[in-house]
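Please keep the sequence and the model in view while reading.

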Amino acid sequence: MTGQQTARKFLVDAMLGKLATWLRLAGCDTVYNPGIHDDELLKMAVEETRILLSSDVELVRRAENQGVSSMLVRGSVDFEVAEVFRVFQVAPQIDPSKARCSKCNGQLTELRNKEREKIKDLVFEQTYDHYDIFWHCQECDNVYFQGGYWDNIQKYMERIQKIMEIREQPR
Ligand SMILES: [Zn+2]
């Protein structure tokens with residue numbers, strides 16, 4: 001698992017919001033903006049060399065005609081998510097120091113000890129007292145910590161890993 005995998009940049013269409021979340025958590029720079037028109041999506045994919053993931057056959061065809069790397073993804077169900085991770089060699093692992101903000105794609109800053117004071121007003125007091133490390137998105141002020149939802153993310157990634165392994169076995 002090299003750092004190169006996280007260098008892949010994605011552009012995800014309006015139908016695939018959950019997929020965008022998983023890619024961001026896995027550390028991939030992923031643009032997801034449901035308000036963007038198809039023409040603008042293609043333009044951005046070209047200009048920023050992003051891989052286009054779309055559930056729209058026609059859009060994927062247009063992307064391929066313009067030399068944009070793309071993949072037809074039918075939805076954000078586990079199987080489709082695993083297939084994207086497999087094809088583009090994204091490791092289904094969560095490292096908060098590399099993850100992107102799941103809400104806005106911003107980069108996260110790790111805050112320990114005294115630095116935690118920065119986010120004191122953004123979380124519940126009990127949460128603040130309980131965790132030694134937080135990750136703060138400077139773009140949207142979202143705060144992450146390794147609470148119960150974190151376990152759920154880990155479990156989901158493990159499931160994706162399993163599906164990928166099944167797919168990789170020769171038939
Ligand atoms: Zn954010």
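Beyond its neighbours within four places in sequence, valine 12 is in contact with Ala20, Leu23, Thr30, Val31, Tyr32 and Leu53, where contact means heavy atoms within 4.5 Å. This is a predicted model, in which local features need pLDDT of at least 70, side-chain atom pairs count only at pLDDT 80 or more, and totals for chains, interfaces and linings use all residues. Residues are numbered from 1 along each chain as its sequence is written, and side-chain values use heavy atoms, with hydrogens and water left out.

Valine 12 is found in strand β1, residues 9-12; helices (H or I, at least four residues) and strands (E, at least two) are DSSP runs, numbered from the N terminus. Valine 12 is buried, with a relative accessible area of 1%. Buried here means under 20% relative accessible area, exposed over 50%, and partly exposed in between, with a 1.4 Å probe and protein chains only. Isoleucine 51 is 39 residues from valine 12 in sequence, and the two are 8.3 Å apart in space, C-alpha to C-alpha.

Attention now turns to the helices. In helix α4 (residues 78-87), the buried residues include Glu80, Val81, Ala82, Glu83, Val84 and Phe85. Their cover includes α1 (17-25), β3 (51-54), β4 (70-72) and α6 (148-168). Just after α4, glutamine 89 takes a positive phi of about 50 degrees.

Helix α2 (residues 38-47) packs with helix α3 (residues 57-65) at an angle of about 35 degrees, and their axes are 11 Å apart. Such axes are lines fitted to C-alpha atoms, for helices over the stretch in contact, and angles run from 0 to 180 degrees between N-to-C directions. Asp38, Asp39, Leu41 and Leu42 in α2 meet Leu59, Arg62 and Ala63 in α3. The residues of this contact divide into four nonpolar, no polar and three charged, with Ala, Val, Leu, Ile, Met, Phe, Trp, Tyr, Cys and Pro counted as nonpolar, Asp, Glu, Lys and Arg as charged, and the others, Gly among them, as polar.

The protein chain has six helices and seven strands, which run from the N terminus as β-α-β-α-β-α-β-α-β-α-β-β-α. Along its principal axes, the C-alpha trace spans about 55 × 40 × 25 Å. Of the 171 residues in the protein chain, 46% are buried. Residues 24 or more positions apart account for 53% of the contacts with a separation of 6 or more.
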